[in-house]
Amino acid sequence: MYRKADLKKHLEQLGVLPQDTLLVHSSMKAIGPVEGGADAVLDAFSEYLAEGLLVLPTHTWAQINAEYNIFDVENEPSCVGLLTNLFRKRPGVVRSWHPTHSVAALGRDAREFASGEEQFDTPCPREGCYGKLYDRRAKVLFLGVPLTRNTLIHGVEEWAKVPRRLTEHHQPLKIRTPDGRLLDRPMRRHRAPIRGISDNYDKLDEPLLALGIAVRGRIGDAESILIDVAPMVDLTMEFLRRNPDLFLDREPIPRQWYARRG
């Protein structure tokens, strides 16, 4: 049975700093038994990052579509796990207004960080929250989940303008704001020549670990990976310049593309 203090210690040992901006992709089940349950996990992260910014995805891409097309910022459930749904309803947490790829943030500059996503028509705009993670030199923690959950790589493919990664057409989505307004937000969606392109994002594991951009550790029982966002994005951009379709297959990334850096 883990306590809050144990989880904070694990964050410290992994290399998370109290002043970091930290995005967390999570599996509560993977952490194991925690005294106080999921709320205690969120307490541990929030308290540890009291000087920083804690960010969790609160995506709704699984249910928002052309027919069910109104994203209610305050009430629409997240499709990416228990911790994300508990977190978005906590006092002080601010949710971005992105109809399919919203995030929720707590801490330093949370409102500024989460603002403005209703202005853009793609899942991970460079000027949106995922781009702001790069600008803030954030870290991303994969807490008991693999790098196949790495939404940032969708963003990198989008920013690199890799062909055939976004729909040409827009879905007629809408946003219900916390003050009750209804905003039109036509939105392009992710697409790819193969189904489940993100299942190949774990090809980045080996180069990121080899270059020290990522480190492995444990939070509770959860095998976890902590990654520095900016060098991950820069490296992935370099890889995509070499091969824009890098993530369309399971072929490993050639070692010579990154071994020379070591």
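1. H25 sits in strand 1 (residues 21-26). Strands here are DSSP runs of E with at least two residues, helices are runs of H or I with at least four, and both are numbered from the N terminus. This is a predicted model, where local features need pLDDT of at least 70, side-chain atom pairs count only at pLDDT 80 or more, and totals for chains, interfaces and linings use all residues. Residues are numbered from 1 along each chain as its sequence is written, and side-chain values use heavy atoms, with hydrogens and water left out.

2. H25 is buried, at 6% relative accessible area. Buried means under 20% (1.4 Å probe, protein chains only). Leaving aside residues up to four places away in sequence, H25 touches P57, V140, L141, F142, L143, V145, R149 and T151. Contact means heavy atoms within 4.5 Å.

3. The whole structure holds 1 cavity of 30 Å³ or more. On a 1 Å grid over the protein atoms alone, a cavity is a set of points where a 1.4 Å probe fits but cannot get out; a pocket is an open set with protein on both sides within 12 Å along at least five of seven lines; lining residues have an atom within 4 Å of a point. The largest cavity has about 50 Å³ of space, where volume is the space filled by probe spheres set on the points. Helix 3 gives the most to its lining, with 3 residues.

4. The largest pocket has a volume of about 630 Å³. Of its 24 lining residues, W61, H101, H154, H190 and S198 are the closest to its centre. Strand 1 and helix 7 (151-159) each give two or more residues to this lining.

Conventions. Buried means under 20% relative accessible area, exposed over 50%, partly exposed in between (1.4 Å probe, protein chains only).
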